[in-house]
Amino acid sequence: MSGRLAVVVPVFDEASGIAPTLEALASQRDDDFDAVFVDNGSTDGSAEIIRSFAAARGLARWRVIDEPEKGTGAAADTGMRAAIAAGASLLARTDADCLPRDDWTASVRRALSPRDRGGLGLGLVGGELVPRRDEGVGWPTRAALRGAVHLAETFGRVRPGNRDAAYLGPYMMAAGCNVGITAELYLAAGGFPRTRIEELHEDRALVNAVRRLTRDYARRRDVVVYGSSRRVQAWGLANTLLWYKDHAYRPAHVDIREPDRVVRESRSSAAGPSVARAMREERRLVRAAHPVAFPAVSAVPGPVRRVPGLGVVVKDAALLRGVLMDTASFSKTGPGAPSELWTPVLGPRVLLNMEGEEHRELRRKLAPLFAPAVVEALVADALGESSERLGELVADGRPVDLVAHARHAASAVISRLVGLDERVVDDELFARVSAVTGFVTLARPRLTARQLGIARGILGELGEHAARAYAGDESTVPGRMRALGLDEHEALGAVGAFVLTGTETLVSFVPRLVALLVDSGWHRRIAADAALVDRAVAEALRVTTPSPVMLRSVVREASIGRVRVRPGERVILGTYWADGALGAFDPERNPAASLKQLWFGAGAHFCLGAPLAMAQVHATLGPLLETPSLRVLERRAARGVLIPSYERLLVSGAAR
């Protein structure tokens with residue numbers, strides 16, 4: 001039907017993951033092709049694995065060549081030219097982490113073969129890139145990624161860099177991992193630029209060079225490769241899309257083809273080879289809680305963008321802090337703000353939904369209850385025995401569910417803070433509180449009548465107990481509010497607010513913190529060096545951001561970056577994305593320090609209970625650090641919850 005076909009595959013440290021790619025190539029229906037694997041300086045035995053696979057399968061036309069010049073462009077170009085020198089007239093390229101569909105070589109051959117030989121007569125073909133399904137990425141993210149690729153091609157057609165009178169045809173996106181080209185056209189176009197991955201998108205450069213020579217190129221949906229989502233897993237969907245947009249996102253270390261190597265070469269090398277895994281587990285947890293909202297917000301491009309039907313989404317830390325600090329323009333009360341959710345349940349005076357001088361005054365008067373010395377004493381009294389028991393259990397190698405422990409700890413502390421009997425805030429109440437907060441979605445700014453009735457019912461059950469606390473001394477929040485002149489109903493609202501916000505957040509964060517430390521290898525390190533504990537906890541708060549989204553209502557015309565906002569608009573502050581933009585969990589580099597605890601808010605609305613939360617975190621983490629061999633035995637993500645959480649996290653140390 002046509003000339004000789006060669007498949008070129010650049011390879012760099014892919015020993016742990018190249019087997020599926022080799023199987024996919026060996027399973028092609030059209031197996032009449034050469035395969036040229038270009039080893040780009042691997043140190044993990046990748047070349048030996050390929051040679052052994054080819055020998056075992058009798059694939060005499062498969063070979064490995066070396067290219068010491070670092071870069072995907074250089075490796076791909078060397079492979080293409082080696083294939084041409086060996087007699088190939090048709091060339092196809094894929095990558096070592098991709099899975100070509102079993103008709104891929106046949107489809108490439110058909111596209112590039114002359115029309116008089118039954119082909120389509122194209123000089124270059126770009127195929128369909130579909131996210132792999134075997135890498136733990138959920139279908140919403142895969143769908144968002146695939147849609148973003150098509151959207152990017154649409155925008156590419158109007159992008160100035162892709163428009164020039166010298167181009168003979170329209171812009172076309174052809175991913176380097178799924179492209180075919182005739183040898184003649186490849187040489188005429190100058191081939192792939194011999195660049196590194198961080199310097200230039202070599203596939204785009206080749207396509208634009210071809211556009212200056214011919215109109216015989218096209219995208220074909222029958223040329224299918226299943227591409228890796230490792231970059232999405234490492235950086236998140238939004239940052240990955242920005243990377244492909246002229247490297248608008250560019251971390252210090254961009255080569256993610258072998259996570260172990262990335263970790264070793266990065267400044268966070270001391271974190272060990274498991275940071276990538278720890279981040280994957282954390283992203284799975286977030287996707288389980290928000291399978292639609294998480295990828296949707298992740299896909300919103302840029303630092304700030306108005307999204308019709310949703311609001312103005314802010315994902316830049318500096319812009320986000322600016323909104324929080326500008327209480328004259330952005331309020332917690334108004335359309336789309338927290339007040340629409342919680343005022344009908346808790347009343348109008350519970351800090352969650354207050355602004356201005358009244359808010360500052362109440363906050364000032366409640367502040368002594370949350371002074372570090374006060375909360376540390378409260379936590380020590382409430383959790384001393386249970387923390388000691390936790391340490392003993394894990395040290396003995398007995399399994400402990402950290403979610404259950406965190407729930408008990410939060411119950412004990414919050415009960416004492418608000419003056420309730422500890423038995424009131426039990427597991428059943430936790431489940432019902434989680435159900436109420438789970439009603440909240442970005443698409444719905446307020447609770448329905450049915451949901452409101454359920455929430456008020458839970459709050460009503462606390463009423464009798466809160467009334468007793470209100471009549472008590474000023475060591476509890478209700479007692480302090482009575483002394484300040486607030487009525488019993490307002491004190492009840494405060495109790496409800498603390499039960500809602502002071503329990504679920506801690507029950508979410510503590511297990512996530514421990515999982516991050518164990519998965520990343522940092523647990524053992526900070527167990528040996530207590531000076532690193534605070535940095536590790538801060539980094540975990542940055543990476544997890546237990547309050548992933550904050551809401552504000554625009555009360556006067558203002559600007560957020562380049563976006564002008566008007567009164568009545570809703571602002572969605574994507575704290576999770578702003579915090580996460582600084583990279584993976586890295587206590588050594590400690591990027592969290594630059595954010596000034598943005599995960600707790602900023603300005604007048606910086607979380608009043610932050611010292612209490614930190615005291616509880618250290619009360620649980622301390623005993624666990626006495627067992628450096630701590631390991632995760634079982635984990636299960638919670639679904640249908642507002643704050644991403646584990647439903648179960650079973651840990652233990654090595655048995656004595």
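I would like to begin with the second largest cavity, where the largest share of the lining, 3 residues, comes from α17. Please keep in mind throughout that we are looking at a predicted model.

Helix α17, which spans 402–418, is joined in this lining by α21 (488–520) and α25 (610–625), and each of these helices supplies at least two of the residues. The residues themselves are Ala 406, Ala 409, Ala 410, Leu 506, Val 510, Gln 616 and Thr 620, and if we sort them by class we find 5 nonpolar, 2 polar and no charged residues. The volume of this second largest cavity comes to about 50 Å³, and the structure as a whole holds 3 cavities of 30 Å³ or more.

To set that in context, the protein has 25 helices and 18 strands, and of its 656 residues 57% are buried. Among contacts with a separation of 6 or more, 75% are between residues 24 or more positions apart.

Let me turn now to helix α13, residues 317–325, in which Ala 317, Leu 320, Val 323 and Leu 324 are buried. What the buried residues of α13 pack against is a set of strands, namely β10 (311–314), β11 (330–331), β13 (550–554), β14 (558–560) and β16 (570–573), together with helix α24 (575–580). At the N-terminal end, α13 is capped by Asp 316, which has a side-chain oxygen 3.1 Å from the backbone nitrogen of Ala 318.

Helix α4, residues 104–112, is mostly covered, with 7 of its 9 residues buried; these are Trp 104, Thr 105, Ser 107, Val 108, Arg 109, Ala 111 and Leu 112.

Finally, I would draw your attention to Leu 168, which is found in the loop between α5 (139–156) and β7 (179–182). For Arg 211, which is 43 residues away along the chain, the C-alpha separation from Leu 168 is 5.6 Å.

Conventions. Residues numbered from 1 in each chain as written. Predicted model: local features only at pLDDT ≥ 70, side-chain atom pairs only at ≥ 80, totals over all residues. Heavy atoms only, no water. 1 Å grid on protein atoms, 1.4 Å probe; cavity = no way out; pocket = protein on both sides within 12 Å on 5 of 7 lines; lining within 4 Å. Points joined across faces, edges and corners; volume = space filled by probe spheres on them. Helix = DSSP H or I, 4+ residues; strand = E, 2+ residues; numbered from the N terminus. Nonpolar A, V, L, I, M, F, W, Y, C, P; charged D, E, K, R; others polar. Buried < 20%, exposed > 50% of the residue type's maximum accessible area, 1.4 Å probe, protein only. Contact = heavy atoms within 4.5 Å. Polar contact = N/O pair within 3.5 Å; in protein donor to acceptor, adjacent residues only side chain to side chain.
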